[in-house]
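Here's a quick tour of a protein model for someone new to structures. Have a look at it first, then read on.

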Amino acid sequence: MDWAQARSRVYEAGRAAMPEPVDLPLAEADGQTLAAPLSTLTDLPAFPTSSVDGWAVRGAGPWRIVGRVLAGGTPPPLTGDDTAVEIATGAMLPDGAAGVLRIEESTRTAEGLVAGTLRPAPEWRAPGEEARAGEELLPAGTPVDPGVIGLAASCGYDTLPVRRAPRAALIIFGDELLTSGRPGAGRVRDSLGPAVPGWLRRYGCAITATDLVGPVADTLEAHVDALRRGLAEADLVCTTGGTMNGPVDHLHPALRELGAEYVVNTVAVRPGFPMLLARVVGADGRARFVAGLPGNPQSAIVATVSLVAPLLAGLQGRAMPTLPQVTLAEPVTGRGDHTHLALVRVDPARNTAHPVRHVGSAMLRGLAQADGFAVIAPGTRGEPGDRVPVVPLPLLPGERVLGGTA
């Protein structure tokens, strides 16, 4: 399948399988996704508040002090001419006040009156200055982070309707893999077991050490058993290795044994083409997914950014990931009738992409130095100065986003 078509198809499969939203207390909503727009329950602010410590005054002054207003109370109105109340930052402005005089810009007369000159700009926040009641602040599909939680609290929310982070599991196939120590004597170190959970978390998944299984023995029975146990607990099971049809590649027969339906089975992309995504409908009628990642490490990450990322966006009700644009600083070869995902570093000041070295399917050195994959369309090659999409490697919240959107 064409690479762009595969991304679109798995995203729609995720959207179709979105779980029902749940209401969570604000303290538990971090990392989830808004299932409905976040709208204000009141004006923001709900009442006029002083933005400085000072004096709320009525009349031209000097002003006679008639009281004090602290945050958290409802003050009586200012009714007398040339009167003032001491006011704290965040306190409600009394009705009748014409302005707020900063404490550091005020003086006291010999008679004990307050004197000073009001600034031209108001020193208080008017009701609705930030938002009006009922105004939509954030759309459904917005990832919930501490900033969103704080905004929701300021609007008066105690709970939020969210779609929970999908739970993921990772199954490592391959008798030849070591899980500790140095590679040697025909056995290689498993690099995907430690690495893939980090990618999945950056895409919004919940995954723990107990969700990692393997290496699983190279038998059909062991593959079926591992997949069945993973699907019993997880919304998404990622597997590594076994996506071809070699003598010990049992993933495809295992999927047939489980009654799986392919959403995508191989993609016209290099590296990483023998990737797949399958759907398994459980006895409860709910769809779970198996993402088959190739065993070669870089190919596995290509499969992750190509299929897993859009699937998870769909499952969470988030927008289809858009691809930033970058300018190639050096030539990048094409891969015939396949899309080429080429590892690049991005210069953020110039928004230019530079290919990295050590980019074989089994290599991770280039990946560790890269910001993402430049997308070279089938039948083309990248030339210096070309504007091309780039698939960013997944980021933690707050990390730098590459380029502008495609």
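What follows is a short briefing on cores, cysteines, helices and strands.

This is a predicted model, where local features need pLDDT of at least 70 and side-chain atom pairs count only at pLDDT 80 or more, while totals for chains, interfaces and linings use all residues. Residues are numbered from 1 along each chain as its sequence is written, and side-chain values use heavy atoms, with hydrogens and water left out.

A few terms first:

- "Buried" is under 20% relative accessible area, "exposed" is over 50%, and "partly exposed" is in between (1.4 Å probe, protein chains only).
- Helices (H or I, at least four residues) and strands (E, at least two) are DSSP runs, numbered from the N terminus.
- Contact, or touching, means heavy atoms within 4.5 Å.

**The nonpolar cores**

- A nonpolar core is a set of buried Ala, Val, Leu, Ile, Met, Phe, Trp, Tyr and Cys residues joined through side-chain atoms within 4.5 Å.
- The largest one has 49 residues, and the members that touch the most others are Leu200, Phe289 and Phe373.
- Helix 6 (residues 297-315) gives this core its largest share, eleven residues.
- Apart from this core there's another, with 18 residues, including Ala226, Val237, Leu258 and Ala278.
- What does phenylalanine 289 contact, leaving aside neighbours within four places in sequence? Among its contacts are Ala13, Ala17, Leu231, Val263, Leu311 and Leu315.

**Cysteines**

- How many disulfides (pairs of cysteine sulfur atoms within 2.5 Å) turn up in the whole structure? The search finds zero.
- Cysteine 238 has its nearest cysteine sulfur 7.1 Å away, on cysteine 205, and is in no disulfide.
- Cysteine 238 is buried, at 0% relative accessible area, and cysteine 155 is buried too, at 2%.

- The arc is that of the directions from the helix axis to the C-beta atoms.
- An α-helix has 3.6 residues a turn, so residues three or four places apart point the same way.

**Helix 2**

- Val148, Ile149, Ala152 and Cys155 are buried in helix 2 (residues 146-155).
- Their arc is only 120° around the axis, which puts them on the same side of helix 2.
- Exposed Pro146 and Gly147 are on the face turned away from that buried side.
- Strand 3 (38-39), strand 12 (136-138) and strand 13 (159-163) are among what covers the buried residues.

**Strands**

- Why is strand 7 (residues 83-87) largely enclosed by the rest of the structure? Because four of its five residues are buried.
- Strands pair if DSSP finds at least two bridges between them.
- Strand 5 (residues 54-58) pairs with strand 7 in the antiparallel sense over five bridges, and glycine 54 stands opposite isoleucine 87.
- Strand 6 (residues 64-69) runs parallel to strand 7, joined by five bridges, and arginine 68 has glutamate 86 as its bridge partner.
- Isoleucine 376 lies in strand 26 (residues 372-376) and is buried, at 3% relative accessible area.
- Isoleucine 376 and valine 269 are 107 residues apart in sequence, yet 9.8 Å apart in space, C-alpha to C-alpha.

Technical notes: A disulfide is a pair of cysteine sulfur atoms within 2.5 Å.
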